[in-house]
Structures are given as structure tokens and as C-alpha cells.
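Please look over the sequence and the model before reading on.

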Amino acid sequence: MADRALEVLAPGPLATVQDAGRRGHAALGVGASGAADAASYARANRLLANPEGAAALEATMGGLALRARGDVWVAVTGAPCPVRVGGRGGATAEVLRLRDGEELRLGPPRRGLRSYVAVRGGLDVPAVLGSRSTDVLSGLGPEPLRAGDVLPVGEPPRAFPVLDAVPEPPVGGDRLELGVVLGPRDDWFAPEAVEALLGGEFEVTGRSDRVGMRLAGPALPRAVGGELPTEGMVPGSLQVPPDGEPVLFLADHPVTGGYPVIAVVRSNDLPSAAQARPGTRLAFTAVSP
């Protein structure tokens, strides 16, 4: 057994191990996966002076409880949530010491959806195709966390943290504005569909997960019928199935799809999109590629 580890006492609604992703395997039908909110994940690792790509935890809607085996340093970022460290009050976006036997507990976030827990040294779970990320669509990587799981902690890096805390940008909210690049199949839609996409609002429904978010809103009528040959998909694709309700693909999206993509959310806005909980209203604005 590793000298230092995190024991899972409760996973909450969903908690997974995530890193920077399983990139470079799309030709094999394997998506990148990785942290849904890549910016918050990276911020947690930087606080602890971890190398880029160190494995951390992604907790959905709080409820995560961990016990330290050995002394560890941790940081919590992303969706702002109540933090308890050894029974004491803690805070997000700062370096926290968790002594041997002490517990870290996350409450439900006040805004947003996903919080990240990084540990100095990273989580030393087995890598699959070069990544420790859990891909809920393909089943690659570690299983979603369960009570009783023990996650080994890697050796701490040579570098030391230089900041105790960092400011975090606002996460979540009742309404988000996301920039999109139209296409590649916007010509498959009637002109009024593009106008509705850019002039209306869409609501995130409960049919949402790490694969994508089903959106309810204005109809997006097609101008071209028939079938579209299967083509590659990227994170942020707004794919429109026959029922007209678009799906916004997130980290665990399929690598190919057969429905037309009317637009793609720009990569800088994907962390915000990943924090949209059901009921959030989304407005899309056209931007240059």
C-alpha cells in the first residue's frame, strides 16, 4: 500500500478521477475525456505546484467525503461549495493541509456543478492509453468512485507551492453566454434556425452528463433532409438530432456522429458550459473562428 492515499468515504452523486485527457487516439475511436472544466482542474494543480496533467478528482454536486492516509496537501476549485477539513471550516481555491486520519468533506455547491480536488503529488491510479481519466461513455479508465475506494497519492513534485490561495473567476449562474463558430453544417438548417440559435435562449435539461447536455428551446428546422454521413465530433459541438433539441457535447462525447452540427462552442467557453446545471439558460453569440 502506498504511504499516502485518499480513502473515499462517500462519492456524492458522481465523482471520478480526471486528468488532462486521453488525447491522440480518436483514430481508434477513443475520445479525449479529461476534466470537464479544464480551467478549474488546472488551477487546482497549479496551487499545489503539481505538473500539468496530474490526476485529480471531479465531484458533481458535492457530497464527496475523503479520509487522508498520511499527511497530504489538497486544493478545491471549480463550483464553490462548503469545505470541511478535519471538522474545521475550509475554503476553495487555497492550499489545505489534511493530516493523517482527517476528513475532507464537500457540501453542495452554491453555483455551478463540478468541483475539483487536487492532491499534491497527484493520484497514482493506473493509466489507460496514457491517461488516468474516467470516460463514462467508453468505460475506459478508473470506475466512478465508490465508498471504500483507496486512491494512492504520488510522490510530491520538487517544486513547492508559491501561493496559499488564488482568486477564482465566477462559476455557474442562472444564465450563461457562450460564443459559437457557425458550422460545419449550418447550411443543413433553414435560415430561421440560425436566427433562433443566435437570438433565442436554451435551457439545460436534466438529460445531461459528462457526455453532453440536452437543451430545450426554440425549434431549429432543417433545410436539408436525409442522412448525413458519419463525421468527426469535437467538444463543444452543437449537434441537432431529428427531434430538434440540440445536444452540446462535453468531455466524454463520442468521436463521431451522424446528425448535423449547426455550431461549435469556442474552447475558451467550454469550462463555463461544463458548470451549467439543469435549469441554466444558455445564449449563443456568433464569433470568428
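## Terms and basis

A pocket is found on a 1 Å grid over the protein atoms alone: it is an open set of points where a 1.4 Å probe fits, with protein on both sides within 12 Å along at least five of seven lines, and its lining residues have an atom within 4 Å of a point. The model is predicted, so local features need pLDDT of at least 70 and side-chain atom pairs count only at pLDDT 80 or more, while totals for chains, interfaces and linings use all residues. Residues are numbered from 1 along each chain as its sequence is written, and side-chain values use heavy atoms, with hydrogens and water left out.

## The second largest pocket

The second largest pocket holds about 190 Å³ of space, where a volume is the space filled by probe spheres set on the points, and grid points are joined across faces, edges and corners. Its lining is made of Asp37, Ala39, Ser40, Arg43, Pro169, Pro170, Val171, Gly172, Leu176, Pro271, Ser272 and Gln275. Two or more of these residues come from each of the elements α1 and α3. Helices (H or I, at least four residues) and strands (E, at least two) are DSSP runs, numbered from the N terminus.

The largest share of this lining, 3 residues, comes from α1. By type, the lining has 6 nonpolar, 4 polar and 2 charged residues. Here Ala, Val, Leu, Ile, Met, Phe, Trp, Tyr, Cys and Pro count as nonpolar, Asp, Glu, Lys and Arg as charged, and the others, Gly among them, as polar.

## The largest pocket

About 600 Å³ of space lies in the largest pocket. Of the 33 residues that line it, Ala20, Arg23, Ser33, Ala35 and Ala38 lie nearest its centre. The elements giving two or more residues to this lining are α1 and α3 (270–274). With 5 residues, α1 provides the largest share. The lining divides into 19 nonpolar, 10 polar and 4 charged residues.

## The loop between β2 and α1

Ser33 sits in the loop between β2 and α1. Its phi is near 55°, a positive value in a residue other than glycine. Ser33 is buried, with a relative accessible area of 6%. Buried means under 20% relative accessible area, exposed over 50%, and partly exposed in between (1.4 Å probe, protein chains only).

Gly29 belongs to the loop between β2 (14–18) and α1 (38–47). Gly29 is partly exposed, at a relative accessible area of 48%. Its C-alpha atom is separated by 8.1 Å from that of Pro254, 225 residues apart along the chain.

## The annotated domain and the barrel

UniProt, in an unreviewed entry, lists residues 27–288 as "domain: Carboxyltransferase". UniProt positions are in the numbering used here, feature names are shortened, and annotations may be inferred rather than shown by experiment. The end C-alpha atoms of residues 27–288 lie 28 Å apart, and the span is 9% helix and 31% strand.

A barrel is closed by 7 strands in the order β12-β19-β16-β17-β14-β13-β20, with mixed pairing. From one strand to the next, the twist averages 40°; axes are lines fitted to C-alpha atoms, for helices over the stretch in contact, and angles run from 0 to 180 degrees between N-to-C directions. Two strands pair if DSSP finds at least two bridges between them. Strand β12 (residues 175–182) pairs with strand β20 (residues 281–286) in the parallel sense over 6 bridges, and Thr285 is the bridge partner of Gly179 in β20.

The loop between β12 and α2 (191–199) contains Pro184. The peptide bond from Gly183 to Pro184 is cis, with omega near 10°.

Is strand β10 (residues 114–119) buried or exposed? 6 of its 6 residues are buried, so β10 is largely enclosed by the rest of the structure. In a regular strand the side chains alternate between the two faces of the sheet. In β10, Arg114, Tyr116 and Ala118 point one way and Ser115, Val117 and Val119 the other way.

β10 pairs with β3 in the antiparallel sense over 4 bridges, where Ala59 stands opposite Ser115. Strand β5 (residues 72–78) is also joined to β10, running antiparallel over 5 bridges, with Thr77 opposite Tyr116.
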